2 protein chains.
Amino acid sequence: MEHTLKGLTVEEQAISAKAAGKQLALLTTDEKNEALLAVADQLAKDYEVILAANEKDMQAGKAKDFDAAFLDRLKLTRNRIEDFANGLKEVVDLDDPTGKVTSDWTLENGLQVSRITVPLGVIGMIYEARPNVTADATGLALKSGNSIVLKGGSSAIHTNTAIVEVIKRALEQTKVPAEAVQLIQSTDRKETAKLFTMKEHIDVLIPRGGASLIQAVVDSATVPVLETGVGNCHMYIDKSAEVEMALATFLNAKTDRPAVCNALETLIVHREWLEAHKADFVKALQDNGIQTHGDEVAVQLLPDCKTATEEDWSNEYLSLDVAVKVVDSVEEAIKHIDQYGTKHSEAIIAEDEEAVNVFMKTVDAAALYHNASTRFTDGHALGFGAEIGISTQKLHARGPMGLPALTTYKYVMKGTGQTR
Amino acid sequence: MEHTLKGLTVEEQAISAKAAGKQLALLTTDEKNEALLAVADQLAKDYEVILAANEKDMQAGKAKDFDAAFLDRLKLTRNRIEDFANGLKEVVDLDDPTGKVTSDWTLENGLQVSRITVPLGVIGMIYEARPNVTADATGLALKSGNSIVLKGGSSAIHTNTAIVEVIKRALEQTKVPAEAVQLIQSTDRKETAKLFTMKEHIDVLIPRGGASLIQAVVDSATVPVLETGVGNCHMYIDKSAEVEMALATFLNAKTDRPAVCNALETLIVHREWLEAHKADFVKALQDNGIQTHGDEVAVQLLPDCKTATEEDWSNEYLSLDVAVKVVDSVEEAIKHIDQYGTKHSEAIIAEDEEAVNVFMKTVDAAALYHNASTRFTDGHALGFGAEIGISTQKLHARGPMGLPALTTYKYVMKGTGQTR
């Protein structure tokens, strides 16, 4: 195979990606799309190579007694690989986010000013053992004119290596330089951590995965980070909430896909509402197998409710567990969210406009919902076409990040000798 | 005085600012403007208190033998204080950057999605002994609905304390909580460095000052940083450049205000142009007292040209010195800028469209100029009305940052019980 991916240090890989990014920035949308289609075809064609490599990772994972959910995320099938290819084709259909003039004007002296979107440059992607990210992130990076340096979980190293080799093989037949995609194969933590501080070669780091992975990147990075993902999401049911709407949105947010970041983790409920609709609420919990962890009042009111600890308020369950806090006002609910929320998605179910107004104006999160489930904080659900992650930070991009989040801009000034 | 500003730890100050920010986010544009006008009036009225405090700092500065430029930046006069007040009045006239619906659509299920600009929250401003920043940054922060925690150079501590006391006194008569403005008075480095890692209370850090101050913040911050300011700016004179235009833009970029970040530091010049126009170029250097530091070819061609060291290519002179590199192509010029540029402002003087095209497409900087001086990278010059700094990073905001750079957005979803 031409690309053994071997023998380069992390720094050499980053430098190579940077140089390739320069070439990439000069390509047309059509040239980038042709490359993505070539990659999609090659992945679909070479699925056997990828499956063979994946089998090695699966064997190693089973030998290490990784749990079923972990192995399920790691496991590839021919269908899943075809999903990668289809995902790339969807990216082809998305609007090219670069080269857009987002603002232009002329100064009195005649200097023409244009603000034009451009690629960020080199994206460092740090993720866990989910091979789909390897293909998805590469597609989004290339479409937006960026090089990408991939650092996936070491348990997926054979799979990722095979995927990236196929991608590079396909790129060789296109205008996109194969060096625009780099996979870090070193498993030496010290060596891979260099990625986090290589400001001169890497323009942004995007960690995707659990809270501990994201924290590790944030804590040691000097390269700017686009923080993604951790969603300790709350729903507040006001005393003015309609009972059916409250129950339906609560159940959807909690049970539709408990393991994802926009799922509900803590229910904050007004005491009067809970007292009035206790029977319906308890039945909903029981019918759906939801385990509550409540404050003192909740424990008194709800059967089988465990006493919540600090841990329950702070962490994502990602399961059918829910923390329950009983409050006497929307202000008390907001205070709790201020303390424990992760600025992802927060909902209020209420008919009282004043309560809704205060909630919407003062809760600090990427997405606020009135009378709806939190589950819509997602690039696909919102119609962005694809997403590189969900930002829980405030700078650059907030909430679901589509292709535009992978661009910056530059001011391009056209003059005829202007001086100041 | 009501606000002694004493006795709070840096963390307590940040918490207080955060709480005040919540109130501030609820105010109308008029309420914020009234507060800014009240502050402007109070500063103009209480100038004597500020001048007395400034005199203490000046005495201490002279005793420590600080240089004349430093003392000049530190020194206040009644006129300069009136400039602060006028600056605040100008901010009143600027458009409120918050509450703007930048995008809105409705999903098929009827969920209404709006993306609305909101304040960042709490801004941590770290700067040197320039008391004007205390007033200017406070005005921009409050107008955009943000609290601000100020950490100015310790040599200006009496001046800054007096200014902030006046500001807080004025705010007490307005809807803006006085706690929205905090001045860190501690000079204990360990204590003040806490500001850099207080992610739960501070939303963004903006360092303003020399390269070493900015580097110190970037290196130790886990709070997101808006990097500003260092401008190792280049101008490339192509062989196709018109001689008069090249000389005029070069001289303007180099000599108009050598100490500012958008001033020229390195001239890259095509060998053929230099050979053809050597006499005019040398005369221009001599007439303007410009000292050159060149590569081997420049040293041979130019009289009195010192040999450039690595330092000369890397650092800002901020004086009438200029590094000179002679090249044989635009590609060679771009390679030099890639290596030494700080992504601030880069110019090409050329008539050859192909050279201009390559330069504009591949040079990575906030502002690129064709046939103009680099001196226009400035919020006032570009018509932004005011600027909090010039970003040399790629995330969030690039180039001159006006009020919109002090905002983020949130998605506000209005539903009628939507579930997924």
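This is a predicted model: local features need pLDDT of at least 70, side-chain atom pairs count only at pLDDT 80 or more; totals for chains, interfaces and linings use all residues.
Q: Why are S9(B) and S10(B) said to pair?
A: Pairing calls for at least two bridges. S9(B) and S10(B) share two bridges, in the parallel sense, so they meet the rule. Strand S9 (residues 291–294) of chain B and strand S11 (residues 321–327) of chain B are joined by four bridges, also parallel, and therefore count as a pair under this rule.

Q: What makes the sheet one that involves chain A and chain B?
A: The order of its 10 strands is S1(A)-S2(A)-S16(A)-S13(B)-S12(B)-S7(B)-S8(B)-S11(B)-S9(B)-S10(B), so strands of chain A and of chain B stand in one open sheet. The pairing in this sheet is mixed.

Q: Why is one side of strand S1 (101–106) of chain A left without a neighbour in the sheet?
A: Strand S1 of chain A stands at an edge with a single partner strand, and so does strand S10 (306–307) of chain B; therefore each has one side without a neighbour in the sheet.

Q: How do you know that strand S16 (residues 407–418) of chain A pairs with S13(B)?
A: The rule needs at least two bridges, and five bridges join these parallel strands; they are therefore a pair. Within this pairing, A:Met413 stands opposite B:Tyr369.

Q: In which sense do strand S2 (residues 112–119) of chain A and S16(A) pair?
A: They pair in the antiparallel sense, over eight bridges. As one example, A:Gln112 stands opposite A:Lys414 in S16(A).

Q: Why is the link between A:Arg420 and B:Asp378 called a salt bridge?
A: The cut-off is 4 Å between a side-chain nitrogen of Lys or Arg and a carboxyl oxygen of Asp or Glu. Across the interface of chain B and chain A, eight salt bridges are found, and 41 residue pairs are in polar contact.

Q: Which element gives the most to the side of chain B that touches chain A?
A: Elements that each supply at least two residues of this side include helix H9 (211–220), helix H16 (353–362) and strand S16 (407–418) of chain B. S16(B) gives the most, with 11 residues. The residues of this side of chain B divide into 33 nonpolar, 18 polar and 16 charged.

Q: How many residues does the contact take from chain B and from chain A?
A: It takes 67 residues from chain B and 67 residues from chain A. The area buried between the chains is about 5,800 Å², and carbon and sulfur atoms give 56% of it.

Q: What makes A:Glu82 and A:Arg78 a salt bridge?
A: Their side chains meet at 3.4 Å, N to O, which lies within 4 Å, so the pair meets the rule. A:Glu82 and A:Arg78 both lie in helix H5 (residues 78–93) of chain A, four residues apart, about one turn of the helix. A search of the whole structure finds 37 salt bridges over all chains.

Notes. Residues are numbered from 1 along each chain as its sequence is written. Chains are lettered from A and ligands numbered from 1 in the order in which they are written. Side-chain values use heavy atoms; hydrogens and water are left out. Contact means heavy atoms within 4.5 Å. Buried area is the accessible area (1.4 Å probe) that two parts lose on being put together, summed over both. A polar contact is a pair of N or O atoms within 3.5 Å; within protein, one must be able to donate a hydrogen and the other to accept it, and residues adjacent in sequence count only if both atoms are side-chain atoms. Ala, Val, Leu, Ile, Met, Phe, Trp, Tyr, Cys and Pro count as nonpolar, Asp, Glu, Lys and Arg as charged, and the others, Gly among them, as polar.
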